[in-house]
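This briefing covers selected features of the structure shown below. It is arranged by topic, for reading alongside the coordinates.

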Amino acid sequence: MNLLSSLRLSPKWAPYVFVSPFLLLFLIFGVFPLAFSLYLAFQSWEPTSGLSAMHYVGFENYSFALQDEWFWKSLKNTAWLALVSGVPQHVVAIPLAYFIHSSFSRLRNGVVGAYFLPYITSTVAISILFSSLFSTDFGLINLGLRVLHEIPGLGWLLPAQAIDWLNDPDHIKPAISLIVFWRYVGFNVVLYLAALQTIPKDIYEAATMDGAGRLQQFFYITLPSLKPMIFFGVTLSVIGGMQLFEEPFILTGGRGGSDQAGMTTAIYLYRMAFDFNDFGAASAMSWLLFVVVGALTWLTNRAFRPRDASH
Amino acid sequence: MQLSRRLLGSRRCHSGWGLVLALVTAVTSAAAQQTLTVAAFPAVDQIILAAIPTWKKLHPDVDIKVVSRQFVDHHTAMTTALSTSFYLPDVMALEVGYVGRFAQGGGLDDLAKPPYDIKKHQSRFVPYALAQATNRAGAVVAAPADIGPGTLLYRTDILGKAGLDESSLTRSWDSYVDAGIKIKATTGAYLMAHARDMKDIVIRAGIQPGEGLYFDAKSNVLVTTPRFVRAFELARKVRQNKLDAKVNAWTNEWSEGFKRGTVATQMTGAWLAGHLNNWLAPDTKGLWRAAQLPDNAFAAYGGTFLAIARGAPAQHKALAWEFVQMMTLNRDLQLRAFKSQDAFPALLETYDDPFFEQPIAFLGGQKARLGWRDATQKIVAVSVHKQDAFADEVINTELDKVLDRGKDIQLALSDAQRLLEKRARR
């Protein structure tokens, strides 16, 4: 009994003790790497010489990064991938969520679950599987295209030769975008479905009585009501899209692909550090990426923020 | 005291614990068992494990703990360990590509200095191997454990169908490409896996002493020199005549190319013959032969080195150096690694062993090791530069543009020059 009572937490300390595991992990794996990376961005460091080999170089890493052709190339790639994978995610998810919301009642959970499944699987595992699906000579996707090519009416739309998805710079980008789209469309469906369920039914009934068709109701009632959720979803897509790493990394074998077509900024700064041994420049690039993401998020905020005047 | 009494029970148990404690401390202090940690990757880890019995005869009280990681992970772990000085192994195995990268900093001990003095063994090693581990300041950062002499592996049956013989492949680069055109016309097989393989070899021919592959001793960029132009021209000729299968090494398509006989030749390290036999294309046994690289080119593909980190535990360094010497200078161990794992020895004393004259069944009974042994004497070491990995990438990208999009060679090389000049002195 003495032992047990000496171990009991006093109410004064209990909250801190319970919060401490998360806080500790966050400090070690979240705050410390951020702070160290910020410090490192101002140093020149030859990593294999040890920690003492760092020396201060001011903004030199930043100016190097801003003048680096490949850094801008990676930003362009990232923007392309973010747009082409991000826009369809929302353009498809909103009507899909509306359709599920209005058509399914008993099967709804099953259908939503099926769309959501890609989001909860491991990115790396999916990417490895997709890289074998996208294989030029032995992949199922090219096999499917070949079969579809045989169909008389449809065949002329499709290419006659097998598409080199992973090695051709023109095709690696759509391949990556496809995987990212497939992964996140379900997540957005869930978000929009939740938002749709908050729209009161009376508004739709009133609109029907006023003679509005389904399409008009969708554009004038549903979409404006979804605006806060669209803002949330688009912000997540912007942040996630600009930080794209796992899918292109696995698909291009860690190198960014032919002509660096699949090299996002995250991949480039990883390679700067671990392949080209330039940790200072890599850290500077990561903070420049942060500035870009911050700017884009601010723009998204400006675009979707509820404007009091128009209401 | 109160607590221990209640937990442990009677007085008899109490004295029993004391006895156990005394026994444990006696055992640990008496043996003073030391453990050397060796970090490696497959298959070097197998070679080291096989060498442990020999080590135990010399030092029965020193254990060897082998920490093995997959190739890329191992080198990333070594980069991290060197940069933070945490979890540094006593001995680390490094592949030649990474030796260059790590050699520039001060993270690895200079084996040329006392108490190591590796230079007194200099004559025992294949000349270029030790030079590969020497950085620009003259420090020898690692000892060569095995090397990879370059060779041309070719399908003798495909060559026969095309009515050609080995000399038409090896006489000159132009004859190699012409042979490829004939092979494609008669058998439909590709000459090589990728036109890049051609570029990789030709840029290594004609390196001046003191020059690196992409940079010279003063970090001037060399990519517009004639050897690069010739390499690009030959690679373009290969692609224009559709002689390459456009597959990257180590992909599924690459190994299928070997299995199905759609690729006629591969310029590579001698060790590929072992891989082909074991898992890449064992059914093609007897159909391959090995030749020297075309046009009297001699190059190295791979090689493993053993290094001691500067920050490794100081009390183990003497034993670590003994271990490194054992792995690199012991004739029996070098031969054993050669026989079991195809690790071509860097130690000259092994070269008189009858194993070199044994016919290799996979190569149709050819005594290929003799040719490889001759090649090792002619390989020239290439000095390494910190930006070599990046330069590799840039040149490969420009080559892709020349091959796939018909970019002009001079323009491609000058673009590469511009990119590399910005980082040559970082």
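The points below concern the contact between the chains, helix packing in each chain, a strand pair, and backbone geometry.

The model is predicted. In it, 20 residues of chain A are in contact with 23 residues of chain B. On the side of chain A that touches chain B, the residues divide into 6 nonpolar, 8 polar and 6 charged.

**Helix packing in chain A**

- Two packed helices are described by the angle between their axes and the distance between the axes.
- Helix H2 (residues 14–40) of chain A and helix H13 (residues 279–304) of chain A cross at roughly 115 degrees, and their axes come within 8 Å.
- H2(A) and H13(A) are therefore roughly perpendicular to each other, and H2(A) passes H13(A) in a left-handed crossing.
- On the H2(A) side, the residues that meet H13(A) are Ser37(A), Leu38(A) and Leu40(A); their partners in H13(A) are Phe279(A), Gly280(A), Ser283(A), Ser286(A) and Trp287(A).
- The contact of H2(A) with H13(A) holds 4 nonpolar and 4 polar residues, and no charged ones.
- Helix H4 (residues 69–103) of chain A packs with helix H10 (residues 214–242) of chain A at an angle of about 150 degrees, the axes being 10 Å apart.
- The crossing in which H4(A) passes H10(A) is right-handed.
- H4(A) contributes Thr78(A), Leu81(A), Ala82(A), Ser85(A), Gly86(A), Gln89(A), His90(A), Ile94(A) and Tyr98(A). These meet Phe218(A), Thr222(A), Leu226(A), Ile230(A), Gly233(A), Val234(A), Ser237(A), Val238(A), Gly241(A) and Met242(A) in H10(A).
- By class, the contact of H4(A) with H10(A) comprises 10 nonpolar and 9 polar residues, with no charged residues.

**Helix packing in chain B**

- Helix H10 (residues 195–202) of chain B and helix H11 (residues 226–240) of chain B have axes 8 Å apart and pack at an angle of about 160 degrees.
- That angle makes H10(B) roughly antiparallel to H11(B), and H10(B) passes H11(B) in a right-handed crossing.
- From H10(B), the contact takes in Ala195(B), Arg196(B), Met198(B), Lys199(B) and Val202(B). From H11(B), it takes in Arg227(B), Arg230(B), Ala231(B), Phe232(B), Leu234(B), Ala235(B), Val238(B) and Arg239(B).
- The contact of H10(B) with H11(B) has 8 nonpolar and 5 charged residues, and no polar ones.

**Strand pairing in chain B**

- Strand S1 (residues 34–40) of chain B pairs with strand S2 (residues 62–68) of chain B in the parallel sense, over 7 bridges.
- Within this pair, Thr35(B) stands opposite Asp63(B) in S2(B).
- Together with helix H3 (residues 44–58) of chain B, S1(B) and S2(B) make a right-handed β-α-β unit.

**Backbone geometry in chain B**

- Most residues other than glycine have a negative phi, and most peptide bonds are trans.
- Pro42(B) and Ala43(B) are joined by a cis peptide bond, with omega about -5 degrees. Ala43(B) is in the loop between S1 and H3 of chain B, two elements of the β-α-β unit.
- Another cis peptide bond joins Pro114(B) and Pro115(B), with omega about 5 degrees. Pro115(B) lies in the loop between helix H5 (96–103) and helix H6 (127–132) of chain B.
- Tyr87(B), a residue other than glycine, has a positive phi, near 55 degrees. Tyr87(B) is in the loop between helix H4 (71–84) and strand S3 (91–95) of chain B.

Conventions:
Residues numbered from 1 in each chain as written. Chains lettered and ligands numbered in written order. Predicted model: local features only at pLDDT ≥ 70, side-chain atom pairs only at ≥ 80, totals over all residues. Contact = placed C-beta atoms within 7 Å. Nonpolar A, V, L, I, M, F, W, Y, C, P; charged D, E, K, R; others polar. Axes fitted to C-alpha atoms, helices over the stretch in contact; angles between N-to-C directions. Helix = DSSP H or I, 4+ residues; strand = E, 2+ residues; numbered from the N terminus. Parallel < 35°, antiparallel > 145°, perpendicular 65-115°, else oblique. Left-handed = near helix turned anticlockwise from the far one by under 90°. Pairing = 2+ DSSP bridges. Right-handed = clockwise from strand over helix to strand, strands pointing away.
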